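Hi everyone, thanks for coming. I'd like to walk you through one protein today, starting with the whole chain and then zooming in on a helix and some rings. Have a look at the picture first.

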Amino acid sequence: MKFKAFLTENGVNLLEKRFLPALDKMGKICHLFLNRDRVFFLHNLLNGDGVQSIAQFSKEALFDDYRISSQSDDCIAFTVDISLLQRALRSSVSICTEFGNGPTANRLQIKLAKKLTKNSTQRLPFLTFETKGYKSAVIQDVPISSPLSRNQVLELQTALDMAQDLPQTLVQVPDLNQLQNFVDRMRHVGDLLNISISKHGDLHIQISTTLITLGAEFQKLLVIGEQADAPSEDRNLSAQTRAARAVLRGDAQSVQVSVKHFGKSLQCHLAKPDCAFYGIAPQGACLTLVFQFFIPGTHRLDKSISMHCRLPVLDQGSS
């Protein structure tokens, strides 16, 4: 089992300044899954607890001189502490910058290694960052789990394939910061959030207790996928009534999620996406938040990077 590659300057910027800070908010430990073509950072795919997040990159988006081999069809997966990974990368980059002419002037190599430690008689696995200067080399070792077995890799791949399915209707969120501020206020009201998404571009968010109901509605949002026209007779109705009628017509779905999970998923704005979409999976299986990234300087989708979150549903509501 072997893996080594050189981080590109673009790869350093993507990981250090955008994705690792966002992924750190999703959870301390994640799976790093590598295959011949892509690199995945995966949270909670092998258990049903918490928010699932899937960040994936083409190898060219992060690395050059990318080499991988294993008996699991050239796939390697292991768990790693995101904060330790972030710290090692930041330290390596600062050394490269200090002693070279830029983050990659001295070539920052990342590879799998097994090493003896002071308190162990067995060689333990590490993800190693190595910076080679003119007269010396600086090495940062990040401890990782033992790489997954072939069967465990297959299990992770199956879970990943299932998690790639997107809802049939997605609505674009106009402002993630506005949504984050609203959710921050909701935290003081209750723990459960009711979400309704319609095929005519309405996103309805509501939290209720015996004493108070607090809600927000975003109308006429951009819709991707299945769409429907809103009935003219619903225009003068309340947001709550319109959402309920759309569900009854089959033009909307409604689910209940944890306020904590919903707020955590919004932390992915640290990855600096260009736009974000919400959708509800068939039969209300989960609430999905999809982020899109554009090629810099354009409005064209960057297919080398993607990220989405799946929030577990507490009550399947109506579909």
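Predicted model: local features only at pLDDT ≥ 70, side-chain atom pairs only at ≥ 80, totals over all residues.

Okay, the overall picture. There are 7 helices and 19 strands. The C-alpha trace spans about 75 × 40 × 35 Å along its principal axes. Of the 319 residues, 50% are buried. The accessible surface comes to about 16,000 Å², and carbon and sulfur atoms account for 47% of that. Now take the contacts between residues at least 6 apart in sequence: 64% of them join residues at least 24 apart.

Let's zoom in on helix α6, residues 239–249. Which of its residues are buried? They are R242, A243, A246 and V247. If you look down the axis of α6, these buried residues fall within an arc of 135 degrees, so they line one face of the helix. Just after α6 comes G250, with a positive phi of about 85 degrees.

Now for the rings. How many aromatic pairs turn up in a search of the whole structure? The search finds 8. You describe a pair of aromatic rings by the distance of the centres and the angle of the planes.

Start with F3 and Y66. Their ring centres are 5.6 Å apart and the planes sit at 65 degrees, so this pair is edge-to-face. F3 lies in strand β1 and Y66 in strand β5, so the pair ties together parts that are 63 residues apart in sequence. Are these two buried or exposed? F3 is buried, at 4% relative accessible area, and Y66 is buried too, at 13%.

On to F41 and F57. Here the centres are 6.1 Å apart with the planes at 90 degrees, so we call this pair edge-to-face as well. F41 is in strand β3 and F57 in strand β4, so the pair ties together parts 16 residues apart in sequence. F41 is buried, with a relative accessible area of 3%, and F57 is buried at 0%.

One last thing to find on your screens: ring pairs link F41 and F57 with F19 and F293 into a cluster.

How values were computed
Residues numbered from 1 in each chain as written. Heavy atoms only, no water. Helix = DSSP H or I, 4+ residues; strand = E, 2+ residues; numbered from the N terminus. Buried < 20%, exposed > 50% of the residue type's maximum accessible area, 1.4 Å probe, protein only. Contact = heavy atoms within 4.5 Å. Areas by Shrake-Rupley, 256 points an atom, 1.4 Å probe, with all protein chains shown as cover. Arc of directions from axis to C-beta. Phe/Tyr/Trp six-rings, centres within 6.5 Å; stacked < 30°, edge-to-face > 60°.
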